[in-house]
Amino acid sequence: MKLSEIKKHLTQLKTIEFKLPNGDLVPEHFHVTEVGKVTKHFIDCGGVLRKEERVNFQLWNANDYNHRLHPEKLVHIIELSEKTLNPKDAEIEVEYQGETIGKYNLDFDGTSFLLINTATACLAMDQCGVTPQEKPKIRLSNLQSQGTSCEPGSGCC
């Protein structure tokens with residue numbers, strides 16, 4: 001989700017809810033302690049120089065049960081970061097403290113902001129000799145001719 005998208009969603013909400021990948025909600029007394037512009041300038045294993053910019057939100061589960069972050073307050077914080085940091089309309093990454101600090105992508109389901117697990121990947125597979133494992137290709141017509149049995153060795157699984 002890009003910065004402009006979260007601002008649009010926030011204007012339509014009365015409360016803010018973040019949902020973790022396991023379905024649990026971030027406690028409602030969380031705070032957004034940082035809105036930042038993160039620039040990553042790096043070289044991949046194939047020797048290609050790369051530069052990425054993201055907007056970073058840091059969520060913190062405070063023991064402050066008397067205050068809740070309202071949508072209009074988060075919009076205000078975002079707008080202040082836009083004036084001060086001048087970030088691009090970039091993708092948002094969210095940091096949240098679990099057993100360790102997790103980095104998540106962000107999505108929206110119409111009610112809650114969804115924290116989506118991230119994963120690492122090789123950006124230069126053609127350069128470093130790593131080839132992704134291909135799944136075996138099976139003709140569906142061959143499966144039908146073998147009957148409807150799903151016994152070991154029948155080829156259905």
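## Reading burial and packing in a predicted model

Of the 157 residues in the protein chain, 29% count as buried (under 20% relative accessible area; exposed is over 50%, partly exposed in between, with a 1.4 Å probe and protein chains only). This is a predicted model, in which local features need pLDDT of at least 70 and side-chain atom pairs count only at pLDDT 80 or more, while totals for chains, interfaces and linings use all residues. Residues are numbered from 1 along each chain as its sequence is written, and side-chain values use heavy atoms, with hydrogens and water left out.

Q: How many helices and strands does the protein chain have?

A: Helices (H or I, at least four residues) and strands (E, at least two) are DSSP runs, numbered from the N terminus. The protein chain has 4 helices and 6 strands, in the order α-β-β-β-α-β-β-β-α-α from the N terminus.

Q: Which residues of the largest nonpolar core touch the most other members?

A: A nonpolar core is a set of buried Ala, Val, Leu, Ile, Met, Phe, Trp, Tyr and Cys residues joined through side-chain atoms within 4.5 Å. The largest one here has 28 residues, and Ile6, Phe18, Phe57, Leu59, Leu106, Phe113 and Leu115 touch the most other members. Among the elements giving two or more residues to this core are helix H1 (3-10), helix H2 (71-85) and strand S6 (113-117).

Q: Is Ser81 buried or exposed?

A: Ser81 counts as buried because its relative accessibility is 8%. Leaving aside neighbours within four places in sequence, Ser81 is in contact with Val35, Asn86 and Pro87. Asn86 follows H2 and has a positive phi, near 50°.

Q: Is His9 buried or exposed?

A: His9, in helix H1, is buried, with a relative accessible area of 17%. Beyond residues up to four places away in sequence, His9 touches Met1, Phe108 and Phe113.

Conventions
Contact = heavy atoms within 4.5 Å.
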